[in-house]
Amino acid sequence: MSNLLDTIAQVRREVCELHAELTRYQLVVWTAGNVSGRIPGHDLMVIKPSGVSYDDLTPELMVVTDLYGTPVRGMNTGSSGTVDSGNPDLSPSSDTAAHAYVYRHMPEVGGVVHTHSTYATAWAARGEEIPCVLTMMGDEFGGPIPVGPFALIGDDSIGQGIVETLKNSNSPAVLMQNHGPFTIGKSAREAVKAAVMCEEVARTVHISRQLGEPLPIDQAKIESLYDRYQNVYGR
Ligand SMILES: O=C(CO)[C@@H](O)[C@H](O)COP(=O)(O)O
């Protein structure tokens, strides 16, 4: 049990700290965006509390839930100190059901991120995928960034849309129509990186479109870029 509590404490710290990347890269306003991380080996996840300002987030305020989004209280005695505020007033993020659905149906995923970053959300509002016209997109997304269906918040609809869209794609990002990007990764940090990259390419391709029609990249070259970046780059 102490190993589990230590792991939870570590994931709380990591998930909390990663929210600072969302503000650093200006992917969120007010409280509208969230990061979660899976507790490896357990049907548990850690996610931001709903409606708490990014400046006020601490590891203790992160909420532990099961993979149906139900809070699990009392995870509070890791060897590094008290780690659960036990504050019953704090609800997990309103996007918890979507994150939880992804963890239940994509066992390889260790982190999920949602933002309403401006350019990616502008593409989502038009329901148009971002075409793969940049080598950076070939590297990171292995093709276009797809659009998922319109879905209302509150049940499994958003999660289903994310999973159905991403299971047929190399992309770790999906633009949920009229809503915004959700990204996944083997870790929460990788999911945050995908959110940062998604906004960057959404902005660049949008600007390119203002100048004319972006040039497509051959599928074979996209596959080559993706293979190198995923398997060779940085190793
Ligand atoms: O898209 C929405 C609401 O439309 C959500 O992303 C919320 O804006 C997230 O807020 P928290 O519940 O995570 O604070």
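These are my notebook entries on one predicted protein model and what I looked up in it.

**Ground rules.** I count residues from 1 along each chain, in the order its sequence is written. Since the model is predicted, local features need pLDDT of at least 70, side-chain atom pairs count only at pLDDT 80 or more, and totals for chains, interfaces and linings use all residues.

**Entry 1, the whole protein.** I listed the secondary structure and got seven helices and seven strands. Helices here are DSSP runs of H or I with at least four residues, strands are runs of E with at least two, and both are numbered from the N terminus. Along the sequence I read α-β-β-β-α-β-α-α-β-α-β-β-α-α. The C-alpha atoms fill a box of roughly 55 × 35 × 30 Å along the principal axes.

Next I looked up the radius of gyration, taken over C-alpha atoms; the globule rule is 2.2 Å times the number of residues to the power 0.38. For 235 residues a compact globule would have a value near 18 Å, and the protein has 18 Å, so the two agree.

I call a residue buried if 20 or more other C-beta atoms lie within 10 Å of its own, exposed if 12 or fewer, and partly exposed in between, with C-beta atoms placed from the backbone. By that count, 42% of the 235 residues are buried.

I then checked contacts, meaning pairs whose C-beta atoms, placed from the backbone, lie within 7 Å. Of the contacts with a separation of 6 or more, 67% join residues 24 or more positions apart.

Ile 162 sits in helix α5 (residues 157-166). Ile 162 counts as buried because 28 other C-beta atoms lie within 10 Å. Beyond four places in sequence, Ile 162 touches Ala 98, Val 102, Gly 148, Val 174 and Phe 182.

Glu 223 belongs to helix α7 (residues 219-231). With 14 other C-beta atoms within 10 Å, Glu 223 is partly exposed.

A nonpolar core is a set of buried Ala, Val, Leu, Ile, Met, Phe, Trp, Tyr and Cys residues joined through C-beta atoms within 7 Å. The largest one has 59 residues, and Val 102, Ile 162, Ala 191 and Cys 198 are among those with the most contacts inside it. Helix α6 gives the most to this core, with ten residues.

I tested the length of α6 (residues 188-211). The expected span is 1.5 Å times one less than the number of residues. Its 24 residues should therefore span 34 Å, and the end C-alpha atoms are 35 Å apart, which agrees. Just after α6, Gly 212 takes a positive phi of about 155 degrees.

In helix α2 (residues 96-105), eight of the ten residues are buried. The buried residues of α2 pack against several elements, including β1 (34-39), β4 (111-114) and α5.

Which residues are around the ligand? I count a residue as near if its C-beta atom, placed from the backbone, lies within 6 Å. Among them are Thr 31, Lys 48, Ser 93, Asp 95, His 114 and Ile 153. The shell has two nonpolar, seven polar and two charged residues. Here Ala, Val, Leu, Ile, Met, Phe, Trp, Tyr, Cys and Pro count as nonpolar, Asp, Glu, Lys and Arg as charged, and the others, Gly among them, as polar.

Terms used
Contact = placed C-beta atoms within 7 Å.
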